[in-house]
Amino acid sequence: MSAKESEDKRAALNSKMAAATAPPPPPTAAGRPPTSQLFSRGNLVSSRTGGDKTALARPSTAVRAVGYAANTSGSAGQRFDQFFLEKVKQQTLSSANAAVDAAKEVNPQIKYKNMETKIVKLLESSIVLAARCSSSRTNGSMNAEVKSQLADALNKAKDASSLDRILHHEQDKQGENVFHNFDLTYAVFFNLAEQYEHNDMHIEALNTYNIMTKNKMFPHVNQLKLNMGNIYLKMGMHKKAVKMYRMALDSVPNTLKQLRLKITENIGVLFVRMGQYADAASSFEFIMSERADIRSGIHLLLCYYSMGDVDKIKSTFRRLCDVQPVETERDLETENNIIRLQHQAEQAGKAGADHAQTGETHAAEVAIIDGDGNSSFVQVNEPNSSSANAKNRYVLQALKTDELAVYTKQRRNTEKRSITMIVDLISPLIEENYNDGYNWCIEVIRTSNLSWLANELELNKALVYLRQNDVNQAIETLQMYDRKSESSMTASALINLSFIYINDSSSNYI
């Protein structure tokens, strides 16, 4: 081999080595290396051809669906078609629903309506949660579960308030033609303030009420000063409470007379707590002149008792006794009817038992209405024992267990107990001694609307004699009840008299 041939081989070897160590070509504008047509889908070249580009490329089969036949013939093809059609149908429905939702979001009125619906739901759930805890708050038993429910009610009220704020912000973007639902906003703010108050967050409740009173779009916002006065009363700030009550009183129209009197009573009670008995007496005097009641009369009498004015005490006690009681003439007539019905029920029971033994029946008319609307009366025979007896018994039970009757009885017992304490309190002050003052009170009550209380006060006077160790006067007072028609008073008097005789070993009545 010549030197020239060896140099040519050495040059070819160097060129091959340089080509092997050369850097890759630069990437394209898209940032990725250029692709070769050799490695495109379906043009992969098998290694068996030895890299011959002229040979036919074996097609790639890895992109076919696994488990399904390529042709549409046979059961596999049918299943594939059904799957594909179902998937297309679901995609079409989802796209249609998305289009409907997008249309709703595009329409501002529908969007605002949906937001108002969410606010109402949050408001209702907050009120319901707070109502479940109302009885526990009244009784003063606040356990962990009640506090948790109140906290949940507060959180829902806050969510409703924030969503309402977002709604107003969105409506303000639309311009002046958008209607704001201020009634809903008022309800949201009022519920938020109440939930703050229920959770003992008084400062936050006062701030919420202040925001409401500054908004002139809310109706009768000045009457919210009454709620603010109640909060100041809970906080012990009596002067600010009186100020809020007076501002609320100025905003209440004269047509709401009962509300004005209630606010005036609150002002009087606060003056009593502050020790300003003269101002409290003027408030209760106004109530007694407008619409007298026993509670305001007792408050007024206590104010004059604290001031030591005997003449005012006597005149106020007379006015107190002249107040119409809770039971009107119609209520008293109802009580008489109850007694009469009870007597008739007993007689009917006896008569029904007699008729049941003899097997007598009576006829009753029953109305029968046909399909055309025509009515006819048919006589039906039924036993006498199931007529008047059952009817009177049911009516009597309903009248005794009625909620109004139970409330009236409780209020009457409360008034009786209060007046008895008032008599014991003022008796040593209005006369020279206790017995004379007590007798004066009994005489005033006997000739007033509270005459039903005189007999019980006389029975209480016997107990007063016993506390004074005047046994003879007590026995003489209790013996007077033997000639009384009041069965309950007579029974109580005789029981007390029996115990006196038992304790008195020298008595001849045992």
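**View 1. Tyr186 and Phe218, an aromatic pair.** Tyr186 is partly exposed, with a relative accessible area of 23%. Phe218 is buried, with a relative accessible area of 4%. Buried means under 20% relative accessible area, exposed over 50%, and partly exposed in between (1.4 Å probe, protein chains only). This is a predicted model, in which local features need pLDDT of at least 70 and side-chain atom pairs count only at pLDDT 80 or more, while totals for chains, interfaces and linings use all residues. Residues are numbered from 1 along each chain as its sequence is written, and side-chain values use heavy atoms, leaving out hydrogens and water. The structure holds six aromatic pairs. In one of them, the ring centres of Tyr186 and Phe218 are 5.3 Å apart and the planes stand at 75°, so this pair is edge-to-face. Rings of Phe, Tyr and Trp (its six-membered ring) pair if their centres lie within 6.5 Å; planes under 30 degrees apart count as stacked, over 60 as edge-to-face and the rest as tilted. Because Tyr186 lies in helix 6 and Phe218 in the loop between helix 7 and helix 8, the pair ties together parts that are 32 residues apart in sequence. Helices are DSSP runs (H or I, at least four residues), numbered from the N terminus.

**View 2. Phe189 and Phe218, a tilted pair.** The two rings lie 6.4 Å centre to centre, with 55° between the planes. Phe189 is in helix 6 and Phe218 in the loop between helix 7 and helix 8, so the pair ties together parts 29 residues apart in sequence. Both Phe189 and Phe218 are buried. One aromatic cluster is formed by Tyr186, Phe189, Phe190, Tyr209 and Phe218.

**View 3. The buried side of helix 7.** The buried residues of helix 7 are His202, Ala205, Leu206, Thr208, Tyr209, Met212 and Thr213. They cover an arc of only 160° around the axis, which puts them on the same side of helix 7. The arc is that of the directions from the helix axis to the C-beta atoms. These buried residues pack against helix 6 (182–198) and helix 8 (225–234).

**View 4. Charges over tryptophan rings.** The charged end of Lys314 sits over the ring of Trp440, 5.6 Å from its centre. The charged end of Arg412 sits over the ring of Trp452, 4.2 Å from its centre. A charge sits over a ring if NZ of Lys or CZ of Arg is within 6 Å of the ring centre and within 35 degrees of the ring normal.

Technical notes
Helices (H or I, at least four residues) and strands (E, at least two) are DSSP runs, numbered from the N terminus. Contact means heavy atoms within 4.5 Å.
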